[in-house]
Amino acid sequence: MFKKILRKILSKIFTLTGRKIIQFSPERSGSTIVFNILKDLFPTHRIRKKHDYSLDDKNFPTVTTYRHPYDCIASLFLKDNIIPTKKNMEDTIIRFRENGWNDFFFNKFNSQNILFLRYEDFYNNFDYMLDSLEDYFYVKISKKQRFKLKAKYEISNVKKKIEKFKDFSEYDDISHFHGNHISKFSGSPNTYKKIFTSNQIEILDKYFGDEKKYLNYD
């Protein structure tokens, strides 16, 4: 109870003093790794991890990750071990759109206040991510700090940390890493081609065909 009250007080202080960073992303787009790196880089700020983007958020620096929508949806199935039936596909698509994708795709962002990180660019490429954060926040990340961050958050080490959790319902309250957070495919791009049939991909095309093309995804 005391910790919860303290967090609320600190959150208010960080907001009032401008020491707040928004980490907004659609679900399953690499947001948790970026969230943790931001916390390590800016320990005196509040990093707000969200799957929605509000008018108030536009007042603060914002880091957004995005990913091929088909891979995001494939990741939702994998984390919950759900079979992708037609009904499950439809339900998951609705959930995904409501939990970040619509806000990401249709929001009129203030481009000066937001950093967009494409998942496929920073997957297994920490230097790309860290270089982007350096440029956006006008900070310098030392070689030593880069080495520590890479070692701490490489996929194999994160997998070890979450082995103790039986499924996605269990998670670490600080890092937000869940059980089964990383699939057997280790988050590799184009995973959707390995788990969805051609008919299921046609369903995704119906909902996201134009949007994925706009984002330069095949």
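Buried means under 20% relative accessible area, exposed means over 50%, and partly exposed lies in between. Keep these cut-offs at hand for the exercises below, which use a predicted model.

**Exercise 1. Work out how Arg-95 and Asp-80 are paired and where they lie.**

Step 1. Arg-95 and Asp-80 form a salt bridge, and their closest N and O atoms are 3.7 Å apart.

Step 2. Arg-95 sits in helix H4 (residues 86-106) and Asp-80 in helix H3 (residues 69-80); the pair links distant parts of the chain, 15 residues apart.

Step 3. Check the accessibility of each partner. Arg-95, at 30%, is partly exposed, and Asp-80, at 29%, is partly exposed too.

**Exercise 2. Decide whether Asp-57 and Lys-50 are buried or exposed.**

Step 1. The two residues form a salt bridge, with closest N and O atoms 2.6 Å apart.

Step 2. Asp-57 has 3% relative accessibility, so Asp-57 counts as buried. Lys-50 has a relative accessible area of 8%, so Lys-50 is buried as well.

Step 3. To widen the view, the count for this model comes to 16 salt bridges.

**Exercise 3. Describe how helices H7 and H8 are oriented, and which residues meet between them.**

Step 1. Two packed helices are described by the angle between their axes and the distance between the axes.

Step 2. The axes of H7 (residues 143-153) and H8 (residues 155-162) come within 5 Å and cross at roughly 50°. H7 and H8 are therefore oblique to each other.

Step 3. On the H7 side, Ala-151, Lys-152 and Tyr-153 take part; they meet Ile-155, Asn-157, Val-158 and Lys-161 of H8.

Step 4. Sort these residues by class: the contact of H7 with H8 has four nonpolar, one polar and two charged residues.

Key
Residues are numbered from 1 along each chain as its sequence is written. This is a predicted model: local features need pLDDT of at least 70, side-chain atom pairs count only at pLDDT 80 or more; totals for chains, interfaces and linings use all residues. Side-chain values use heavy atoms; hydrogens and water are left out. A salt bridge is a side-chain nitrogen of Lys or Arg within 4 Å of a carboxyl oxygen of Asp or Glu. Buried means under 20% relative accessible area, exposed over 50%, partly exposed in between (1.4 Å probe, protein chains only). Helices (H or I, at least four residues) and strands (E, at least two) are DSSP runs, numbered from the N terminus. Axes are lines fitted to C-alpha atoms, for helices over the stretch in contact, and angles run from 0 to 180 degrees between N-to-C directions. Angles under 35 degrees count as roughly parallel, over 145 as roughly antiparallel, 65 to 115 as roughly perpendicular and the rest as oblique. Contact means heavy atoms within 4.5 Å. Ala, Val, Leu, Ile, Met, Phe, Trp, Tyr, Cys and Pro count as nonpolar, Asp, Glu, Lys and Arg as charged, and the others, Gly among them, as polar.
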